[in-house]
Amino acid sequence: MQFSLGPVLYFWPKAQMLEFYRQAADSAVDIVYLGETVCSKRRELKLEDYLKLAHMLREAGKQVCLSGMTLLESPSELRELRKYVDNGDFMLEANDVGAIAMLYEQGLPFVAGAAINCYNQHSLRRLIGMGLLRWVMPVELSGDWLQQVLNEGIIQDIRDCFQTEVFAFGHLPLAWSGRCFTARSENRAKDQCELCCIKYPQGRTVYSQDGTQVFVLNGIQTQSGYRYNLINQLPAMQGLVDVVRLSPEPEGTFAWLTKFKANQHGAAPQQLSDTDSNGYWLKLAGMATG
């Protein structure tokens with residue numbers, strides 16, 4: 001079982017990003033994803049910066065993938081995506097089917113991100129035929145669902161041709177919109193947002209009237225209010241999941257990576273907090289903890 005760091009989903013200052021990846025280079029993580037996947041207006045780091053980080057991380061022994069945007073809204077975003085596809089060195093995580101089309105045209109292998117609607121064995125088989133080497137299971141699906149799909153005959157025949165990755169730690173990315181919720185929360189229009197996301201390094205928490213932490217607003221992205229945490233499900237993933245993904249947080253990511261690696265076989269289970277959940281994996285309500 002390998003462990004990965006997903007792309008940073010929040011808008012952090014450049015210095016914070018560079019420091020985070022310096023720590024990643026010194027950590028025990030196996031795979032690192034680099035790139036802006038939420039909002040193209042977040043330009044603290046450009047593609048050239050990500051490529052420099054990618055080479056640095058690869059020299060440190062990490063496998064590196066670039067991550068593309070999840071919601072493509074303009075010709076300029078398509079042009080930027082083309083630069084990622086044409087980087088000539090690192091595999092791309094496709095988070096939009098437009099990226100898959102570009103990669104397929106050029107015969108390039110890719111990772112299918114969790115935002116790609118791959119909900120059955122037929123979709124998975126089709127993507128594998130188009131060049132998929134690793135896929136990230138949609139975040140709202142269960143371990144039982146994953147087992148069922150991977151046991152289907154048309155997948156069993158090619159099981160050695162691809163890897164399965166599971167989002168196992170962090171606030172779940174649930175939805176994307178043409179509207180910017182963070183800007184709206186400050187009574188700003190999306191086009192005059194003044195990049196206010198940078199003031200919220202872990203998003204803006206939304207509470208229900210009874211005080212329940214229901215969502216996190218992250219620009220155009222809506223995340224789960226509770227942090228998803230599958231650390232205690234790792235033993236059951238053995239033989240089923242190839243890569244376990246941790247989504248970067250401003251603090252504590254590498255400490256959690258150490259805890260995850262220690263509990264691969266159940267030797268170091270953790271007590272989850274009141275704002276952690278694992279419901280989707282266990283076929284429960286998303287905010288539940290089993």
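Predicted model: local features only at pLDDT ≥ 70, side-chain atom pairs only at ≥ 80, totals over all residues.
## Helices α1 and α2

Helix α1 spans residues 14-26, and helix α2 spans residues 47-59. Their axes lie 10 Å apart. The packing angle is about 20°. Angles under 35 degrees count as roughly parallel, so α1 and α2 are roughly parallel to each other. The crossing of α1 past α2 is right-handed.

From α1, the contact uses Lys 14, Met 17, Leu 18, Tyr 21, Arg 22, Ala 24 and Ala 25. From α2, Asp 49, Tyr 50, Leu 53, Met 56 and Leu 57 meet them. By class, the residues of this α1 and α2 contact are nine nonpolar, three charged and no polar.

## The nonpolar core

The largest nonpolar core holds 73 residues. Those with the most contacts inside it are Tyr 21, Leu 34, Trp 135, Leu 146, Phe 260 and Trp 281. Tyr 21 also belongs to the α1 side of the contact with α2.

What does Leu 34 touch, leaving out residues up to four places away in sequence? Its partners are Tyr 21, Tyr 50, Leu 53, Ala 54, Leu 57, Val 64, Cys 65, Leu 66 and Ser 67.

## Helices α3 and α4

Helix α3 covers residues 75-85, and helix α4 covers residues 97-105. Their axes come within 10 Å and cross at roughly 45°. That angle makes α3 oblique to α4. The crossing is right-handed.

Leu 78, Leu 81, Arg 82 and Val 85 form the α3 side of the contact. They meet Gly 98, Ala 99, Met 102, Leu 103 and Glu 105 in α4. The contact of α3 with α4 has six nonpolar, one polar and two charged residues.

Methods
Residues numbered from 1 in each chain as written. Heavy atoms only, no water. Axes fitted to C-alpha atoms, helices over the stretch in contact; angles between N-to-C directions. Helix = DSSP H or I, 4+ residues; strand = E, 2+ residues; numbered from the N terminus. Parallel < 35°, antiparallel > 145°, perpendicular 65-115°, else oblique. Left-handed = near helix turned anticlockwise from the far one by under 90°. Contact = heavy atoms within 4.5 Å. Nonpolar A, V, L, I, M, F, W, Y, C, P; charged D, E, K, R; others polar. Core = buried A, V, L, I, M, F, W, Y, C linked by side-chain atoms within 4.5 Å. Buried < 20%, exposed > 50% of the residue type's maximum accessible area, 1.4 Å probe, protein only.
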